[in-house]
Amino acid sequence: MTPKIIKVCVGSSCHLKGSYDVLEAFKAVLKKYQVEDKVDLQASFCLGHCAHGVSVSGEEFLLHGVNAANAEELFTTEIYPKLFKE
Ligand code: FES
């Protein structure tokens, strides 16, 4: 199975809003849910939604306002079900 992609925007606006912390939070969440080898976590250039960063996207989803505190909740409610739907 090809890895699913999660892109965290590290454009300048999102960077200022904490992209690095979001990346670290997702790393921990992927490990916790044992999908590290099934997901390719990437840093991405501006996703075009700077006013609502931090933006996180994938083929199946686009999220805004992501931060280290809500990363796990968004992963379990918005990302995981879409990436791993049967
Ligand atoms: S800098 Fe992240 S959406 Fe533009």
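Contact here means heavy atoms within 4.5 Å. Helices (H or I, at least four residues) and strands (E, at least two) are DSSP runs, numbered from the N terminus. The model is predicted: local features need pLDDT of at least 70, side-chain atom pairs count only at pLDDT 80 or more, and totals for chains, interfaces and linings use all residues. Residues are numbered from 1 along each chain as its sequence is written, and side-chain values use heavy atoms, with hydrogens and water left out.

Helix 2 (residues 19–32) packs with helix 3. From helix 2, A25, F26, V29, L30 and K32 take part; from helix 3, A71, E72, F75 and I79. The axes lie 9 Å apart, at an angle of about 55°. Axes are lines fitted to C-alpha atoms, for helices over the stretch in contact, and angles run from 0 to 180 degrees between N-to-C directions. The two helices are therefore oblique to each other. Angles under 35 degrees count as roughly parallel, over 145 as roughly antiparallel, 65 to 115 as roughly perpendicular and the rest as oblique.

N70 sits in the loop between strand 4 (61–63) and helix 3 (71–83). N70 is buried, because its relative accessible area is 19%. Buried means under 20% relative accessible area, exposed over 50%, and partly exposed in between (1.4 Å probe, protein chains only). A polar atom of the N70 side chain lies 3.0 Å from the backbone oxygen of G65. N70 and A25 are 45 residues apart in sequence, yet their C-alpha atoms are 9.0 Å apart in space.

S19 belongs to helix 2. S19 is also buried, because its relative accessibility is 0%. Leaving aside residues up to four places away in sequence, S19 touches V8, C9, V10, C14 and V54. V54 lies in the loop between strand 2 (39–44) and strand 3 (56–58). The peptide bond joining G53 and V54 is cis, with omega about 5°.

Q34 lies in the loop between helix 2 and strand 2. Its phi is near 55°, a positive value in a residue other than glycine. Most residues other than glycine have a negative phi, and most peptide bonds are trans. Q34 counts as exposed, because its relative accessibility is 63%.

Key: Polar contact = N/O pair within 3.5 Å; in protein donor to acceptor, adjacent residues only side chain to side chain.
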